[in-house]
Amino acid sequence: MYKQGNYPIIAKRAIGRGVFDVTISCPEVAELAQAGQFAQVAAEGFFLRRPISICDIDKQAGTIRLVFEVRGKGTDKISELNVGQNIDIIAPLGHGFTFIEGAKAVCIGGGIGTPPMLPLAKH
Ligand SMILES: Cc1cc2nc3c(=O)[nH]c(=O)nc-3n(C[C@H](O)[C@H](O)[C@H](O)COP(=O)(O)OP(=O)(O)OC[C@H]3O[C@@H](n4cnc5c(N)ncnc54)[C@H](O)[C@@H]3O)c2cc1C
């Protein structure tokens with residue numbers, strides 16, 4: 001099950017050149033979200049949404065974090081959104097990671113594929 005809505009951005013920071021870390025207040029999405037899932041993010045003026053992985057979930061605070069790199073026109077448009085503005089997302093989507101209780105996991109990611117490892121590492 002997923003939700004679509006316009007949710008407020010409550011924090012945003014640049015963590016590298018063209019790489020943004022955005023926290024979104026979306027309790028109904030945070031409630032459903034699992035590590036390894038992603039959001040389809042609307043970019044104003046573009047028909048197709050851009051898929052961005054959910055890199056952190058705080059179910060108590062009702063927030064999710066997205067970390068993305070500007071790669072083209074769509075992510076550039078999304079990067080213009082600031083704290084206090086709403087972001088249009090459909091989430092959570094995709095199959096999350098499978099947690100195997102009691103097992104040790106090694107998380108391997110590269111570049112912008114690293115942030116989605118965070119919830120898995122926390123678990
Ligand atoms: C499930 C999933 C999860 C993802 N999670 C993340 C994430 O957490 N963080 C993240 O940063 N990204 C993530 N991505 C990648 C992200 O979705 C893409 O980077 C984004 O959709 C690019 O959109 P854009 O409009 O900015 O770029 P586009 O305009 O679509 O361009 C994409 C690339 O193609 C090149 N390109 C575009 N047009 C041309 C052309 N005419 N000729 C040659 N090259 C061209 C661009 O230079 C760019 O490198 C994920 C993708 C998927 C499928």
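Which residues have the most contacts inside the largest nonpolar core? Hold that thought for a moment, everyone, and keep in mind that what we have here is a predicted model. The answer is Ile24, Ala33, Ala39, Val41, Ile54, Ile64 and Leu66, in a core of 24 residues. Strands S2, S3, S4, S5 and S6 and helix H1 each supply at least two residues of this core. As general background, nonpolar side chains in soluble globular proteins tend to be buried together.

Let's pick two of those residues and look around them. Ala33 sits in the loop between helix H1, residues 27-32, and strand S3, residues 38-41. Is Ala33 buried or exposed? Ala33 is buried, because 26 other C-beta atoms lie within 10 Å, and the cut-off for buried is 20 or more. Setting aside neighbours within four places in sequence, Ala33 is in contact with Ile54, Ile57, Ile64, Ala91 and Pro92. Take Pro92 from that list: Ala33 and Pro92 are 59 residues apart along the chain, yet their C-alpha atoms are separated by 5.4 Å.

The second one is Val41. With neighbours within four places in sequence again left out, Val41 is in contact with Arg49, Arg50, Ile52, Ile78, Ile87 and Ile89.

Now to strand S5, residues 63-69. Five of its seven residues are buried, so S5 is largely enclosed by the rest of the structure. Which strands does S5 pair with? On one hand there is S2, residues 19-25, which runs antiparallel to S5 and is joined to it by seven bridges. In that pairing, Thr23 stands opposite Arg65 of S5. On the other hand there is S4, residues 50-58, also antiparallel to S5, with four bridges. Here Ile57 has Ile64 of S5 as its bridge partner. S4 and S5 form a hairpin with four residues between them, and Gly62 in that turn has a positive phi of about 70°.

Last stop, the ligand. There are 16 residues around the ligand, and those that come nearest are Ser53, Phe68, Gly72, Gly74 and Thr75. S4, S5 and helix H2, residues 73-78, are the elements that give two or more residues to this shell. S4 has the largest share, with four residues.

How values were computed
Residues are numbered from 1 along each chain as its sequence is written. This is a predicted model: local features need pLDDT of at least 70, side-chain atom pairs count only at pLDDT 80 or more; totals for chains, interfaces and linings use all residues. A residue is buried if 20 or more other C-beta atoms lie within 10 Å of its own, exposed if 12 or fewer, and partly exposed in between; C-beta atoms are placed from the backbone. Two strands pair if DSSP finds at least two bridges between them. A residue is near a molecule or strand if its C-beta atom, placed from the backbone, lies within 6 Å of it. Two residues are in contact if their C-beta atoms, placed from the backbone, lie within 7 Å. A nonpolar core is a set of buried Ala, Val, Leu, Ile, Met, Phe, Trp, Tyr and Cys residues joined through C-beta atoms within 7 Å.
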